[in-house]
Amino acid sequence: MTTSVPHLTELPLERPKGCPFDPPPELGSLRDEHPLARLTFPDGHEGWLATGHAIVRAVVADPRFSARQELMHTPLPGAAAMAEMPPAAPGMFIKMDGAEHARYRKLLTGKFTVRRMRRLTERVEQVTAEHLDAMERQGTTADLVPAFAQPIPALMICELLGVPYDDHEFFRRNVAPLNRPDAPLEEQEAAMNALGGYLYELVVAKRAEPTDDILGELVTTDLTDEELTGIAFLLLGAGLDTTANMLALGTFALLRHPDQLALLREDPESIDGAIEELLRYLTIAHTGVRTALEDVEIGGQIVKAGEVVALSAAAANRDPLKFPEPDRLDVRRNAAGHAAFGHGVHQCLGQQLARVQMKVAFTGLLGRFPALRLAVPADEIPLRTDSDIHGVYALPVAWG
Amino acid sequence: MKIEVDRERCVGAGMCVLTAPEVFGQDEEDGRVRLLDPEPAGIGDAAQSCPAAAITAAD
């Protein structure tokens with residue numbers, strides 16, 4: 001039996017004034033009554049919006065829902081939402097299903113294990129210390145985004161993959177429009193082509209002369225140059241623009257919650273739990289999508305074959321049925337089971353790398369600067385309201 | 001309790017290793033789950049948190 005549900009004509013995207021960490025309030029009120037509602041997509045597609053923790057996890061864990069790019073409609077407004085989606089390019093496994101996806105993922109899982117990532121701790125500590133030293137040398141204030149949050153994960157993903165870090169400004173410039181749904185399509189295509197061309201050259205060079213890094217290892221498998229380029233593209237893009245936002249937005253959130261920051265400073269061992277809570281509370285990758293491959297009865301509704309479900313991970317991670325007092329940042333809570341890295345077979349491949357980086361970087365930053373504070377009023381911090389990855393464009397801080 | 005893992009379903013996310021490191025490990029080569037203790041006292045919420053539903057627990 002199906003019951004009647006609300007029908008939204010657009011995805012709510014505006015975060016509440018003065019609460020840049022909270023999801024749009026409309027999502028919360030919708031979730032508590034109708035965790036699965038109808039949604040009209042920007043291109044006119046009549047799909048669904050899932051906001052409850054249980055239903056978001058159920059959809060992404062269900063193989064009757066597809067991640068294939070050519071079946072997608074985009075819920076976020078912008079040029080990309082209106083474009084016809086081609087099938088995923090070779091190697092772009094996050095937009096593939098089943099055996100096709102598994103073939104790529106299985107070649108990569110061994111390279112991102114908990115143990116292998118923890119072995120990087122010392123190197124991350126070294127890189128973090130170098131950036132903190134540089135901040136101290138140049139004064140008592142800095143924009144934390146370019147001085148700290150962006151370069152540490154960028155350097156680490158470049159080293160891991162075997163991509164020259166000297167070219168990171170080129171990557172950053174080209175990754176930026178790809179995470180901004182409202183960027184003109186031509187700009188996105190130019191960025192894709194520039195990055196793709198660069199990485200293809202790199203793959204060809206590594207095939208001629210394999211190096212001791214992930215791409216160097218992958219050229220010895222049966223993957224083609226095109227597939228390797230796609231994989232490099234995904235891993236580089238994911239490494240550049242995710243942890244960086246967690247570091248900057250996470251610092252912003254801690255500075256705006258001095259009681260929680262004090263708890264973390266008193267008990268540095270609680271950092272692991274605090275990171276899970278920041279992941280839950282901030283849910284920077286806020287919206288996902290899946291398409292029904294057949295009619296699926298779920299959440300008291302029937303999602304018909306071909307209909308797309310927009311998945312609000314941000315609303316799911318504030319679901320009071322899963323997390324008591326969900327809108328409170330509480331570094332001591334058990335945030336396990338959050339959907340910040342997704343769920344299902346596409347759950348973030350690099351999550352253990354992200355955890356190691358966040359642990360080292362937050363610990364280093366708070367340890368080095370006991371008087372760390374915002375250098376401008378909180379409402380002047382520029383938010384990434386135009387991005388599908390939440391964060392800040394700048395975070396001026398002071399420590400003197 | 002008795003634990004079974006399905007290495008074919010496993011996607012190597014590492015959630016089980018974080019949750020119950022004495023019970024679950026990851027293969028050094030392919031990153032997929034290795035069961036270190038098939039009859040542990042408990043595994044916390046490792047089964048529910050597995051993204052690929054590759055862990056089965058029976059009392």
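Me: Is Glu325(A) buried or exposed?
Reply: Glu325(A) is exposed, at a relative accessible area of 51%. Buried means under 20% relative accessible area, exposed means over 50%, and partly exposed is in between, with a 1.4 Å probe and protein chains only. This is a predicted model, where local features need pLDDT of at least 70, side-chain atom pairs count only at pLDDT 80 or more, and totals for chains, interfaces and linings use all residues. Residues are numbered from 1 along each chain as its sequence is written, chains are lettered from A and ligands numbered from 1 in the order in which they are written, and side-chain values use heavy atoms, with hydrogens and water left out.

Me: Where does Glu325(A) lie?
Reply: In the loop between α16 (313–316) and α17 of chain A. Helices (H or I, at least four residues) and strands (E, at least two) are DSSP runs, numbered from the N terminus. The phi of Glu325(A) is positive, near 45 degrees, in a residue other than glycine.

Me: What about the phi of Ala53(B)?
Reply: Ala53(B) is not a glycine either, and its phi is positive at about 50 degrees. Ala53(B) sits in the loop between α2 (46–49) and β4 (55–58) of chain B. With a relative accessible area of 49%, Ala53(B) is partly exposed.

Me: How confident is the predictor in chain B?
Reply: The average pLDDT of chain B is 95, and 100% of the residues score at least 70. pLDDT is the predictor's confidence in each residue, from 0 to 100. For the complex, the predictor gives an ipTM of 0.93 and a pTM of 0.96.

Me: Change of topic. How many residues are in the largest nonpolar core?
Reply: 91 residues, and those with the most contacts inside the core are Phe252(A), Leu282(A) and Leu395(A). Helix α17 (residues 351–368) of chain A gives the most to this core, with nine residues. A nonpolar core is a set of buried Ala, Val, Leu, Ile, Met, Phe, Trp, Tyr and Cys residues joined through side-chain atoms within 4.5 Å.

Me: What does Leu282(A) touch?
Reply: Not counting residues up to four places away in sequence, Leu282(A) touches Phe21(A), Met246(A), Leu249(A), Gly250(A) and Ala253(A). Contact means heavy atoms within 4.5 Å. There is also a second, separate core of 19 residues, which includes Cys10(B), Ala20(B), Phe24(B) and Ile55(B).

Me: Which residues lie nearest the centre of the largest cavity?
Reply: Cys10(B), Ala13(B), Gly14(B), Cys16(B) and Cys50(B), out of a lining of 16 residues. In chain B, α1 (15–19) and β2 (24–26) each supply at least two residues of that lining. The volume of the largest cavity is about 120 Å³.

Me: What counts as a cavity?
Reply: On a 1 Å grid over the protein atoms alone, a cavity is a set of points where a 1.4 Å probe fits but cannot get out, and lining residues have an atom within 4 Å of a point. Grid points are joined across faces, edges and corners, and a volume is the space filled by probe spheres set on the points. There are two cavities of 30 Å³ or more.

Me: Back to helices. How many residues of α8 in chain A are buried?
Reply: In helix α8 (residues 151–161) of chain A, 10 of the 11 residues are buried. Among them are Pro151(A), Ile152(A) and Leu161(A). Gly162(A) follows α8(A) and has a positive phi, near 90 degrees.

Me: Last one. What is Thr113(A) in contact with?
Reply: Leaving aside neighbours within four places in sequence, Thr113(A) is in contact with Gln352(A), Gln26(B), Asp27(B) and Gly31(B). Thr113(A) is in the loop between α4 (98–108) and α5 (114–118) of chain A, and is buried with a relative accessible area of 2%.

Methods. On a 1 Å grid over the protein atoms alone, a cavity is a set of points where a 1.4 Å probe fits but cannot get out, and a pocket is an open set with protein on both sides within 12 Å along at least five of seven lines; lining residues have an atom within 4 Å of a point.
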